[in-house]
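Colleague: I am new to this one. Please take me through a single part of it, slowly enough that I can follow along.

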Amino acid sequence: MFSGRIVKMPNSGTACPIIGTGAWAPDVGDERTTKAKEWLVSALNIGYRHIDTAQSYGTEWAVGEAIRESGVDREDVFVVSKLDNPNHHRVYDSLVESLDKLGFKWLDMFLMHWPIAEMPEGAEEGTWHRPTLNETWEQMENCVRQSKCEAIGVSNFSVKTLTELLKTARIKPAMNQVEMHPYLAQHDLLALCREHDIAVTAYTPSGTDVVRKDPVIVALAEKYGVTSTQIILAWHLSRDVIVIPKSVKPEHQKENLNLPTLEEDDIKKINALDRGQRICNKPDENGLVWGMSAEELGW
């Protein structure tokens, strides 16, 4: 079936397509500029109306150019960008810079990329105040009041960090974007987000070949006559989770929009694969992710 489902986000009054395209690209040659624009135009022409980028991806310019080149109205595309870790002390100004790169007057969704404030370049330890995630969120709320974005949310927030943010939030997050796939189902986090009307978006939604080659997934792909990726994306949709798979190939872009409806028993088989395994942004040899411990992140 073609999935043009729209997810409503009660905390913001906005809504977005349940399937979007990621806009991450490697920092090599023109991958983040000309090439990114080309495959984003392809996605828009195929029917995608939800694009996920970030300040740290370096593709905001390409996203804006792709929308203009495609001929699709700006108002018809839900665009997400994210606050970079060194910008926690200057949220509003960094959002304005993102809008300039995109060529937009407003952003549909602005996420705090990580609950981590990195010391900006040129600052000195001891003279720079590291904002707490609650202080950063207060600045995010100001961006809504200044009409620079329609909605705000978070990314890479766990039960622990989301609970901490909700203690002081005047505007609840509309979205929490996290790594999620059959090997990392995050049932408790999904339940907490539902309790607070926070939409959940899965990045690395297919789990890469690590999950795609799982015998259970392969068998289900054969049963339904689709790819492993289509099976996994269909599983996400059965949980009402937004997905942002990235593909530079038109044939895969088309496949990712046309997903089977899984039988309940098959959904249970995929649920049983959960093992709490992170594939993207795993802690390093010192147990740190962007300078924070797994314990601090609530992982």
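Colleague: Let us look closely at strand 5. Which residue in strand 5 is the bridge partner of Asp52?

Modeller: The partner is Val80. Bear in mind that this is a predicted model.

Start with the strand itself. Strand 5 covers residues 78–83. Six of its six residues are buried, so the rest of the structure largely encloses strand 5.

Now take its pairing with strand 4. Strand 4 is made of residues 50–52. The two strands pair in the parallel sense, over three bridges. Between them in this unit comes helix 2, residues 60–70. Strand 4, helix 2 and strand 5 form a right-handed β-α-β unit.

Next comes strand 6, residues 107–112. Strand 5 and strand 6 also pair in the parallel sense, here over four bridges. Helix 3, residues 91–102, joins strand 5 and strand 6 in another right-handed β-α-β unit.

Then look at helix 4. It runs over residues 133–145. Its buried residues are Leu133, Asn134, Thr136, Trp137, Met140, Glu141 and Cys143. Seen down the helix axis, these buried residues fall within an arc of 150°, so they line one face of helix 4. An α-helix has 3.6 residues a turn, so residues three or four places apart point the same way. The buried residues of helix 4 pack against strand 5, and also against helix 3, strand 6, strand 7 (149–155) and helix 5 (159–166). The length of helix 4 can be checked too. At 1.5 Å a residue, its 13 residues should span 18 Å; the end C-alpha atoms are 19 Å apart, which agrees. Just after helix 4, Ser147 takes a positive phi of about 60°.

Last, go back to the loop between strand 4 and helix 2. Tyr57 lies there. An unreviewed UniProt entry places the feature "active site" at Tyr57. Tyr57 is buried, with a relative accessible area of 13%; the cut-off for buried is under 20%. Leaving aside neighbours within four places in sequence, its contacts include Asp52 and Lys82.

Key. Residues numbered from 1 in each chain as written. Predicted model: local features only at pLDDT ≥ 70, side-chain atom pairs only at ≥ 80, totals over all residues. Heavy atoms only, no water. Expected span 1.5 Å × (residues − 1). Buried < 20%, exposed > 50% of the residue type's maximum accessible area, 1.4 Å probe, protein only. Arc of directions from axis to C-beta. Contact = heavy atoms within 4.5 Å. Pairing = 2+ DSSP bridges. Right-handed = clockwise from strand over helix to strand, strands pointing away. UniProt positions renumbered as here; feature names shortened; annotations may be inferred.
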